[in-house]
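Hello,

Here is the structure I promised to hand over. Have a look at it first, and my notes on what turned up follow below.

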Amino acid sequence: LCALLGVVLSDEDNPRPLCILKNSSSLLENRPLGFALSGGGFRAMFGAAAVVRALEKPCYNASTGTMNSPDLRRTTHWGCVSGGCWFTNQLLFGHEFSRRLLTEDRFKSFLEWWAARYGE
């Protein structure tokens with residue numbers, strides 16, 4: 001995924017950013033965006049949640065010197081199976097789920113909220 005997006009996860013010269021976008025005419029801005037999420041029950045669901053949450057974090061664009069991130073609202077294609085579908089349905093149709101997933105300071109806080117609401 002990093003190679004496809006032109007992203008470097010670490011940069012020795014500037015270790016602060018989570019990732020660096022190499023190309024200013026980024027694939028993130030100009031092309032359709034799709035996600036394929038695998039099955040595997042709760043592990044797949046929370047794995048997908050962690051990936052989407054990480055993708056929403058700002059990335060440093062080295063060519064412009066600005067922070068940006070992919071806009072999930074631009075996503076044109078969602079493919080999923082089992083736990084990936086559990087996640088996708090909650091993300092797309094569960095407003096509280098989406099808000100908390102993308103705004104909670106810690107992923108653990110999000111998981112605790114989800115478990116209290118839906119767990120046994």
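Let me start in helix H5, where Arg99 and Glu96 are 3 residues apart, so about one helical turn separates them. Helices here are DSSP runs of H or I with at least four residues, strands are runs of E with at least two, and both are numbered from the N terminus. The side chains of Arg99 and Glu96 meet in a salt bridge, at 2.8 Å from N to O. By salt bridge I mean a side-chain nitrogen of Lys or Arg within 4 Å of a carboxyl oxygen of Asp or Glu. Side chains of opposite charge can pair when their charged atoms come close.

Before going further, please note that this is a predicted model: local features need pLDDT of at least 70 and side-chain atom pairs count only at pLDDT 80 or more, while totals for chains, interfaces and linings use all residues. Residues are numbered from 1 along each chain as its sequence is written, and side-chain values use heavy atoms, with hydrogens and water left out.

Back to the charged residues. Glu96 also pairs with Arg100, their closest N and O atoms being 2.7 Å apart; these two are 4 residues apart in helix H5, so again about one helical turn lies between them. Arg100 in turn forms a salt bridge with Glu104, with 3.0 Å between the closest N and O atoms. Together, Glu96, Arg99, Arg100 and Glu104 are linked in a network, and a search of the whole structure finds 3 salt bridges. How buried or exposed are these side chains? Arg99 is partly exposed at 43% relative accessibility, Glu96 is partly exposed at 29%, and Glu104 is partly exposed at 21%. (Buried means under 20% relative accessible area, exposed means over 50%, and partly exposed is in between, using a 1.4 Å probe and protein chains only.)

Now for the overall layout. The chain has 6 helices and 6 strands, and along the sequence they follow the pattern α-β-β-α-β-α-β-β-β-α-α-α. Of its 120 residues, 33% count as buried. Among contacts (heavy atoms within 4.5 Å) with a separation of 6 or more, 60% join residues 24 or more positions apart.

Which residues have the most contacts inside the largest nonpolar core? They are Phe35, Phe87, Phe97, Leu101, Phe110 and Trp114, in a core of 17 residues. Strand E3 (33-37) and helices H3 (41-56), H4 (83-93), H5 (95-103) and H6 (107-118) each supply at least two residues of this core, and H3 gives the most, with 6. Such a core is a set of buried Ala, Val, Leu, Ile, Met, Phe, Trp, Tyr and Cys residues joined through side-chain atoms within 4.5 Å.

Not counting residues up to four places away in sequence, Phe35 touches Leu55, Leu72, Thr75, His77, Trp78 and Gly79. Thr88, found in helix H4, counts as buried at 5% relative accessibility. Leaving aside neighbours within four places in sequence, Thr88 is in contact with Leu37, Trp78 and Cys80.

Enjoy exploring!
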